[in-house]
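Open the model in your viewer and keep the selection tool ready. The tour goes from whole chains down to a single residue.

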Protein chains: 2
Amino acid sequence: MVINEIQVPTLLLDKQKCIRNIDSMIEKARENNLVFRPHFKTHQSADVANWFRQRGVDKCTVSSVDMAMYFIRNHWKDITIAFPFNIREVARLNQVDENVNINILVTEKETAVELIKKLERQVGVFIKIDSGYHRAGVLPENHSKIKSLLTLFKESPFLTFKGFLTHSGHTYQAASFREIEVIHQKSIAQLTKLRESFNEMYPKMILSIGDTPSCTLMNDFSGIDEIRPGNFVFYDVMQYHIGSCNLDQIALAMACPIVEKHQDRNELVIYGGGIHFSKEHIEPDGYPVYGYVVKFENGNWHILDKANFLKSVSQEHGVVKVSESVYKSFAVGGVLGILPVHACMTVDLISRILTTKGENIFINR
Amino acid sequence: MVINEIQVPTLLLDKQKCIRNIDSMIEKARENNLVFRPHFKTHQSADVANWFRQRGVDKCTVSSVDMAMYFIRNHWKDITIAFPFNIREVARLNQVDENVNINILVTEKETAVELIKKLERQVGVFIKIDSGYHRAGVLPENHSKIKSLLTLFKESPFLTFKGFLTHSGHTYQAASFREIEVIHQKSIAQLTKLRESFNEMYPKMILSIGDTPSCTLMNDFSGIDEIRPGNFVFYDVMQYHIGSCNLDQIALAMACPIVEKHQDRNELVIYGGGIHFSKEHIEPDGYPVYGYVVKFENGNWHILDKANFLKSVSQEHGVVKVSESVYKSFAVGGVLGILPVHACMTVDLISRILTTKGENIFINR
């Protein structure tokens, strides 16, 4: 049994839950007649990517050139690098095999000018639109910038404008279903308006949206061509609090050895800290939560009451708050599991994923 | 020149600053007649470790069995693993070459009992004392637990009690020099009182303390035998705000490509996010700071005003707030530097360190 062999913090994947998450999103895309281009930054795994491929998905999204290279080595041939293109990596892009379709995002004229000078292969280009998250992208009303970019793209024989793309990351801060709905509808309205404005020149343009809360919770995608959610493959405690999933849909749990018990404060010290979970946390009730506790039983995990949570992490240490009855059920030298707050960050930190059946899952390391 | 070759976020080390930090702490230990056992979790680097060795340091501290193995492979022969021993790794400990001196921390009777059963090599044992941080360790007044542990240690021919060790991690939350002083004096008082209580049985016991703020700022170590600071080797923005260093002593800066500029909000978007810096941040003025901005010039960096800071990070994106004049001095396609908030977390995340002169620094990967 896997748990008996745990020596150090080990990320476990419930493959059945993961496949169910994949199947649901494939179904959602099919029902809404959407191209499905899942974001692979969440799992960074050729094995998990294969579960998508086995179900007919042949397009993906990544967030770096490095990640694109990994999936190209693993036979993916249609990839969008969903990050404002970093012109310092153009030489790497030029090296990619001709029969791979690469899309990039361009949001700055300086980047377009450098691409015109240095690009040596065909790439598709999306203009990233800032739909209100205010992290990256061009504001949808900034038509003069959009027009300059479109004009620049025409100067290169290697650049083909594909469409407009957005990531409504502000749904992660949404306090209600209604708020997510408002953000989602606003993003769609912005993109479809851009289509109207530029449709004559680019009748085949693609409108692409991305975040897991919208793609999971919404049912109206009218006018949209493509979705790029990523997190849904595993979900996590943050998505649970947003309302995108229930705790039972979370497909990852970190198995952590228990090294100390403190009865005076109903706390357990685990081997499992910031270098395993990241320091990302949420405060749903006014105090920090770095994850919820699960108990391993017969090769599966059983989710405990939310009064049992990871309350703090330092480099290798984690401190877990538990109820009195749960306190008694764990022993020093035993193992408990933590559902992570942010799956993408956690996966990026660890060197290994095992399924609950003990199979090794290959990741980009 | 290094900066011209930066393609992706790259952690740069100013070797001269680092060596100065090392020399100062060696001098501090020498002046106070303390054994110096630096914590190597901050750098995790055989090269940086060699700079200590070249200056006569031959003992070190690490925070995991894995890290101990790395430094053993790199010829370190006297190592304290400063983490409550995780009994699930005892087999790995048994495999360590006989001529390496390993110290571990034991804080639970269950752990001691398992060690008695399974240990096959000599190890030194420290009892970790919780001096008020309330993360891990035995409370100093809990003499009955300390006595049971000491009694158990005697049952094994492989366990040798070495002394009491503490890490006053609560100095990281201290609001003033005076507060650090109070924590430091209290820790020393607790340890020296324990020496008095158990001196008869263990006249050679070692009292060991560890945090960077105390070891940097304090000058009275009466009664203490050993110090184990780690962070001082690089320092970081958090240590600057605690008062342990000035910004010019920080030896690390992440070089990050600039991918977007947003004049309407005086912000730059950089390639450099949570997977490079970690999501650790501080709020010295009520808003989150993930690092301060430096400008690279002639192979060194120049620290800008603190109005220029990394204000948010997602997986690969960072958003940098800058003043109007600084905004004009950076271009899309250029590179800026970020002094990290927490050096230990940042180093753990990256796969490569380069010196500002372009030398590759070997780290545990």
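The stops below say what to select and what is there. Keep in mind throughout that this is a predicted model.

**Stop 1: the domains of chain A**

Select residues 2-11 together with 246-361 in chain A; the domain assignment calls this domain 1. Then select 77-229, which is domain 2.

**Stop 2: two chains and an axis**

Show chain A and chain B together. How is chain B superposed on chain A? A rotation of 180 degrees does it, with 0.0 Å of shift along the axis and an RMSD of 0.0 Å. This is the relation of a two-fold axis. To find the axis from chain B, select B:Lys279: of the residues of chain B, its C-alpha comes closest to the rotation axis, at 2.8 Å.

**Stop 3: where the chains touch**

Now select the residues of chain B that are in contact with chain A. There are 41 of them, and they meet 41 residues of chain A. Colour the elements of chain B that each supply at least two residues to this side, among them strand 4 (78-84), helix 5 (109-118), strand 10 (252-262) and helix 12 (343-349). Colouring by class instead gives 16 nonpolar, 13 polar and 12 charged residues on the side of chain B that touches chain A. Of the interface residues of chain B, 100% are also interface residues in chain A, so the copies meet through the same surface.

**Stop 4: a pair of helices in chain A**

Select helix 5 (residues 109-118) and helix 6 (residues 143-153) of chain A. Their axes are 10 Å apart, and the helices pack at an angle of about 0 degrees. Helix 5 and helix 6 of chain A are therefore roughly parallel to each other. Show the side chains at the contact: A:Lys109, A:Ala112, A:Val113 and A:Ile116 come from helix 5, and A:Ser148, A:Leu149, A:Leu152 and A:Phe153 from helix 6. By class, this contact has 6 nonpolar residues, 1 polar and 1 charged.

**Stop 5: one residue in chain B**

Select B:Leu105, in strand 5 (residues 101-105) of chain B. Is B:Leu105 buried or exposed? B:Leu105 is buried, because 23 other C-beta atoms lie within 10 Å. Leaving aside neighbours within four places in sequence, the contacts of B:Leu105 include B:Phe83, B:Phe126 and B:Leu165.

Notes
Residues are numbered from 1 along each chain as its sequence is written. Chains are lettered from A and ligands numbered from 1 in the order in which they are written. This is a predicted model: local features need pLDDT of at least 70, side-chain atom pairs count only at pLDDT 80 or more; totals for chains, interfaces and linings use all residues. Domain bounds come from an automatic or database domain assignment. Two residues are in contact if their C-beta atoms, placed from the backbone, lie within 7 Å. Helices (H or I, at least four residues) and strands (E, at least two) are DSSP runs, numbered from the N terminus. Ala, Val, Leu, Ile, Met, Phe, Trp, Tyr, Cys and Pro count as nonpolar, Asp, Glu, Lys and Arg as charged, and the others, Gly among them, as polar. Copies are superposed by least squares on the C-alpha atoms of residues with pLDDT of at least 70 in both. Axes are lines fitted to C-alpha atoms, for helices over the stretch in contact, and angles run from 0 to 180 degrees between N-to-C directions. Angles under 35 degrees count as roughly parallel, over 145 as roughly antiparallel, 65 to 115 as roughly perpendicular and the rest as oblique. A residue is buried if 20 or more other C-beta atoms lie within 10 Å of its own, exposed if 12 or fewer, and partly exposed in between; C-beta atoms are placed from the backbone.
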